[in-house]
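Dear colleague,

Please find below the sequence and the structure that I am handing over to you. My notes on what was found follow directly after them.

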Amino acid sequence: MADSESKIYHERQRLQFCLLHCLNNLFQDKDAFTKESLNSIAEKLETNDPNKETWTPLSFVLKPHHNTITGNYDVNVMITALEGKGKSVVWHDKRIGASSIDLDDADTLMGIVLNVPVKRYGGLWRSRHWVVVRKINGVWYNLDSDLVVPQLFRDDDEVRGFLDQNLSLGGEVLLVNNA
């Protein structure tokens, strides 16, 4: 592992807590968010939802914004969590591709979050996965919690290629800004 990589915080995937890992990897801090803090955000979103679902026996586990046992948080939890830390989230228009993203604006752009479709168990199980890409010490990294170690990008073109590939496969790109 290169010296610059040894200073990179990288949380690995556990259950369906990819949003938790994604956010902690984005902030480069294992304590930026916890399961409890994300669950609390999800519960507040549910309480404030004017279109609350009716109660069923599964309501204890399968909540509108997350699964209480495995995680699987939705975009509303992510946006609320980031706004609570003074960040803003902008959905990138997939019709224009990644070429329009200013990857050099370090004052504004904190990182890029992707929500990508995944197939597991031979395609029997389909879901979505949260991934974060962030520039650390002048180098872009893929901090996907499914990776064993962070993946270094050679240059901005490789980052844009990665983003465009994920957009073409049905992924969503969200820009996390510092203000």
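In what follows, pLDDT is the predictor's confidence in each residue, from 0 to 100. This is a predicted model, in which local features need pLDDT of at least 70 and side-chain atom pairs count only at pLDDT 80 or more, while totals for chains, interfaces and linings use all residues. Residues are numbered from 1 along each chain as its sequence is written, and side-chain values use heavy atoms, with hydrogens and water left out.

Confidence and overall layout

The protein chain has a mean pLDDT of 80, and 75% of its residues reach 70 or more. Helices (DSSP runs of H or I, at least four residues) and strands (runs of E, at least two) are numbered from the N terminus. On that basis the chain holds 5 helices and 6 strands, in the order α-α-α-α-β-β-β-β-β-α-β from the N terminus on.

Two stretches call for caution. Over residues 1–5 pLDDT stays under 50, and the model has 5 contacts (heavy atoms within 4.5 Å) beyond four places in sequence for them. Over residues 55–67 pLDDT also stays under 50, with 29 such contacts in the model. Where pLDDT is low, the predicted coordinates should not be read in detail.

Of the 179 residues of the chain, 45% count as buried (under 20% relative accessible area, with exposed meaning over 50% and partly exposed in between; 1.4 Å probe, protein chains only). Among contacts between residues at least 6 apart in sequence, 58% join residues at least 24 apart.

The nonpolar cores

A nonpolar core is here a set of buried Ala, Val, Leu, Ile, Met, Phe, Trp, Tyr and Cys residues joined through side-chain atoms within 4.5 Å. The largest one has 29 residues, and those with the most contacts inside it are L23, F33, L38, M78, L82 and W130. Two or more residues come from each of α2, α3, α4 (75–84), β2 (109–120), β3 and β6 (172–177). Helix α2 gives the largest share, 7 residues. Leaving aside residues up to four places away in sequence, M78 touches L19, L23, V89, V113, W130 and L174. A second, separate core of 18 residues includes V116, F153, F162 and V173. In soluble globular proteins, nonpolar side chains tend to be buried together.

Aromatic pairs and a lysine

Rings of Phe, Tyr and Trp (its six-membered ring) are paired if their centres lie within 6.5 Å; planes under 30 degrees apart count as stacked, over 60 as edge-to-face and the rest as tilted. There are 2 aromatic pairs by this rule. F27 and F33 form an edge-to-face pair, with 5.6 Å from centre to centre and 70° between the planes. The pair of F153 and F162 is tilted, because the ring centres are 5.3 Å apart and the planes stand at 55°. F27 and F33 are buried, as are F153 and F162.

A charge sits over a ring if NZ of Lys or CZ of Arg is within 6 Å of the ring centre and within 35 degrees of the ring normal. K85 lies over the face of F33 at 5.0 Å from the ring centre, and over the face of F27 at 5.9 Å.

Individual residues

N142, in strand β4, is buried, with a relative accessible area of 3%. A polar atom of the N142 side chain lies 2.9 Å from the backbone nitrogen of D144. Beyond four places in sequence, N142 touches V131, V132, V133, L147, P150, Q151, F153 and F162.

R12 is found in the loop between α1 and α2 and is partly exposed, at 41% relative accessible area. The C-alpha atoms of R12 and S145 are separated by 4.4 Å, although the two residues are 133 apart along the chain. With residues up to four places away not counted, R12 touches H21, S145, D146, L147 and V148.

Finally, which residues other than glycine have a positive phi? Q28 has a phi near 55° and lies in the loop between α2 (18–27) and α3 (35–47). N137 has a phi of about 50° and lies in the loop between β3 (125–136) and β4 (139–142). Q28 is partly exposed, with a relative accessible area of 22%, whereas N137 is exposed, at 62%. Most residues other than glycine have a negative phi.

With kind regards

Note on methods. A polar contact is a pair of N or O atoms within 3.5 Å; within protein, one must be able to donate a hydrogen and the other to accept it, and residues adjacent in sequence count only if both atoms are side-chain atoms.
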